[in-house]
Amino acid sequence: MEDKRTLSEPQLKQSPYTVEELRAFMSGLEGRYDLARVVDPVECRKLELQEDGKVEALGSCYSIWNADQKCKNCSSAVACRTGCHQEKLEHYQDRDYFIQSNPVSLRLEDGSVYNAVIELVNIRQETAQGGNDRAAENENGNGARYQAQHDSLTGALTADAFYEQARKTIQGEPTRAWVVITANIVNFRLVNTLFGVMKGNEVLVRTAALLRELAERADGLCGRLGADQFALLLPRAQYRENDLLLLARSLEKTFHSGLYTFCIHFGVCRVDDASLPVSVLCGRANSALYTIRDDLTQTVAYFNDDILQNMLREQKVISSFDEALRSGQFQMYLQPLVKEDGIAVGAEALVRWRKPDGTMVMPGAFIGILENAGLIQKLDLYIWERAVQQLRAWQNTHRSELTISVNMSAKDFYSLDVYEVLTGLVERYGVDAAKLRLEITETALLVEPDKSIAIVSALREKGFLVEIDDFGKGYSSLSLLKNIQADVLKIDMGFLQEIRDRKRSGIILKSVINMAGLLGMEVITEGVETREQLAALADMGCSRFQGFYFSRPIPVEEFETRFAAEG
Ligand code: C2E
Ligand code: MG
Ligand code: MG
């Protein structure tokens, strides 16, 4: 018998498995581990892959993992969240469980992709009483631990309890039609910030009370999925859009204030396939809700085929990402940063995804998806390293003075030790930190301002130059400048083009350029497309430019020949 502590890692394919393929794969693992199973770590239950291609979620919470804290931090939940293989040792009733969690995606019959985890478990031999039996016993015997079914603040069902009870309800009455609705309070964080946590709690309690009332009237269920996120399960026959509109109106009236406009959004998903996990249905309702996220005039959005297609596109990006990164499909393009005379002093690194069929995908089509999926840091790390390698290659050549600016995503700040990574990179390649410029947008700095501002100032001390990207595009650019010291202000012409009145844009631009000068910051204008714009900007005192007028982002070799040739 092999040592129970070592769990060999299965070779998984990156693209989604069909149910049949995964069944075959799992049967190939039989006998290699004490327990090998496919689980849904969000709903925390085992998935049975059926012969007819259906997937059934079985059992209640198998809470041996982190039994006391439920399962949010079990290795499988973490694996699912991060998309990375995880390993963990858990102690439970005097036994050691060596658990390995492997994220895997599963393509369901309707074409949608579902993130599951293959969980492989070895139980320490001297205490285990026959692997599979023990694990099965643990799966079934923990009802008593799972008592806290209601959220203590609002009295709604907890997320786990909602998923479980909703599934039982849907499957218990297969002839009845249902809808799953998710609700989200827009800008709820503002309530806490403006009026304090007590007021925030009051809003949540009142919202939950109205939602629960609605659910009870219709013989449905109400759960709280997250801070300001709720879910309802209602019989389709009892669902009326007007009930949601009235509820929203009533809350708006209650919490109306000069500073804050209360707004709640609902996403509605019909339950067409009772075998889909409730978390997937809530995800679908949420993706409908997401389509109206910035629109305070809308209240209800419905899940439909377009949204499903969008989700599939997103899933495609996510599931092909690792392989694309490994096989070099992401390329660093450079857009020259020039002086008024067109001579390049550096470049901005902009990523391009060149697919094996030759098509090129622009960042707008994948950066946001990767950010939401928690994958952007892998891409950013790759591009940062490519940029540092390029700076290294230019060292001791006539190109040694060129700088490269790299983009940083808001998510990088909490998924990476940005300081360690960047200092590590320049040290490893022996590159001067001042040559690698860091582009940060105000949104990146708004997430956890104290933390990111501290990181930025440590990076500046280390010699990196920090650029505020897309200045003026967001809402709080000025207050940001008050709080953070940066070296360069990058103004995007794009946002000025929205102002029809050219005189007004001129005044704004000129004042920003002046202000930056007074703050000791260099100004770069990006999005320069015409000779007239260039002349006007130069008149206003701007001396560094980026834009299609000089060049689009181009491959490194082309940049070298067109903008940094010898002599
Ligand atoms: P950004 O950092 O503000 O980059 C400037 C964008 O403006 C680039 O779009 C560039 O091609 C475009 N641009 C430059 N000059 C002009 C012009 O004269 N006219 C117009 N209309 N557009 C111009 P691109 O390459 O599509 O990138 C879009 C955004 O994607 C970037 O905006 C950046 O936020 C993000 N991005 C690109 N590469 C990366 C990356 O490696 N990591 C991260 N996290 N984000 C990236
Ligand atoms: Mg940028
Ligand atoms: Mg920009």
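**View 1. What kinds of residues line the largest cavity.** In this predicted model, the lining of the largest cavity is made of 5 nonpolar, 1 polar and 2 charged residues. If you want to find them yourself, look for Ala-410, Phe-413, Tyr-414, Ala-444, Val-447, Glu-448, Lys-451 and Ser-452.

View 2. The largest cavity has a volume of about 40 Å³, and the count of cavities of 30 Å³ or more comes to 2. Two elements, α12 (410-415) and α15 (449-461), each give at least two residues to the lining of the largest cavity. The biggest giver is α12, with 3 residues.

View 3. Now over to ligand 1, which has 22 residues around it. Coming nearest are Arg-352, Asp-380, Asn-407, Glu-529 and Phe-548. Sort the whole shell by class and you get 9 nonpolar, 5 polar and 8 charged residues.

**View 4. Polar contacts of ligand 1.** Zoom in on the oxygen atoms of ligand 1. One oxygen atom sits 2.9 Å from a side-chain N or O atom of Asn-407. Asp-469 also has a polar side-chain atom 2.9 Å from an oxygen atom of the ligand. With Phe-548 it's the backbone that takes part: a polar atom there is 2.8 Å from an oxygen atom of ligand 1. On its own, ligand 1 has 790 Å² of accessible area, and the protein covers 79% of that.

**View 5. Strands and a helix around ligand 1.** Here you can pick out β14 (344-354), α11 (376-394) and β18 (465-471), each of which supplies at least two residues of the shell around ligand 1. The largest share, 4 residues, belongs to β14.

Terms used
Residues numbered from 1 in each chain as written. Chains lettered and ligands numbered in written order. Predicted model: local features only at pLDDT ≥ 70, side-chain atom pairs only at ≥ 80, totals over all residues. Heavy atoms only, no water. 1 Å grid on protein atoms, 1.4 Å probe; cavity = no way out; pocket = protein on both sides within 12 Å on 5 of 7 lines; lining within 4 Å. Points joined across faces, edges and corners; volume = space filled by probe spheres on them. Nonpolar A, V, L, I, M, F, W, Y, C, P; charged D, E, K, R; others polar. Near = heavy atom within 4 Å. Polar contact = N/O pair within 3.5 Å; in protein donor to acceptor, adjacent residues only side chain to side chain. Areas by Shrake-Rupley, 256 points an atom, 1.4 Å probe, with all protein chains shown as cover.
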